[in-house]
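The exercises below concern charged side chains and their surroundings. Work through each task before reading its solution.

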Amino acid sequence: APKNWYRGRSGRYTPCKAVEKKLDKLSGRDRKALQKYLETVLEQYNDLMTVPEVIEVIGYSDTSIHRWCHNKKLKAFKPSGSFRIPKISLIEFLISQESFDIKRKSWNHILLLENFVDQNKI
């Protein structure tokens, strides 16, 4: 392909990189604002979320969610054989540096972060 052929053609690459750069500069106050934003987005869900509900919100596969739970990146427990994830734990994960460091973010995760950045003019 000619030089710069693919530049700007992917609808996902540029916005994700732009959001990632802004997330690297988040101050403590901005993280609190992100936490409040996520609380409003998740208020329709119960305090204990199932894996399919978490998938619906952030768009990663169930394998990723289970791996994060097993590796203790995402706090969860198994009362009856399936993971239950406290909403607070999901919010803490999404505002943590581990979440910001995910290289290949899901489209839902990118949209969630872009909406926050657009609303707060970061």
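**Exercise 1.** Which side chain meets that of glutamate 92 in a salt bridge?

*Solution.* The model is predicted. In it, the side chain of lysine 75 meets glutamate 92, with an N to O distance of 3.8 Å. Last, consider accessibility: glutamate 92 is partly exposed at 41%, and lysine 75 is exposed at 53%.

**Exercise 2.** State how many salt bridges the structure holds, and describe the one formed by lysine 87.

*Solution.* The structure holds 2 salt bridges. Lysine 87 forms one with aspartate 47, and their closest N and O atoms are 4.0 Å apart. Lysine 87 belongs to helix 5 (residues 87-94) and aspartate 47 to the loop between helix 2 (28-41) and strand 1 (48-50), so this pair ties together parts that are 40 residues apart in sequence. For accessibility, lysine 87 is buried, with a relative accessible area of 12%, whereas aspartate 47 is exposed at 59%.

**Exercise 3.** Is lysine 105 buried or exposed, and which backbone oxygens does its side chain reach?

*Solution.* Start with the location: lysine 105 sits in the loop between helix 6 (97-100) and helix 7 (107-120). The cut-off for buried is under 20% relative accessible area. Lysine 105 has 2% relative accessibility, so lysine 105 counts as buried. Its side chain reaches the backbone oxygen of phenylalanine 100 at 2.9 Å, and that of isoleucine 102 at 2.9 Å.

Terms used: Residues are numbered from 1 along each chain as its sequence is written. This is a predicted model: local features need pLDDT of at least 70, side-chain atom pairs count only at pLDDT 80 or more; totals for chains, interfaces and linings use all residues. Side-chain values use heavy atoms; hydrogens and water are left out. Helices (H or I, at least four residues) and strands (E, at least two) are DSSP runs, numbered from the N terminus. Buried means under 20% relative accessible area, exposed over 50%, partly exposed in between (1.4 Å probe, protein chains only). A polar contact is a pair of N or O atoms within 3.5 Å; within protein, one must be able to donate a hydrogen and the other to accept it, and residues adjacent in sequence count only if both atoms are side-chain atoms.
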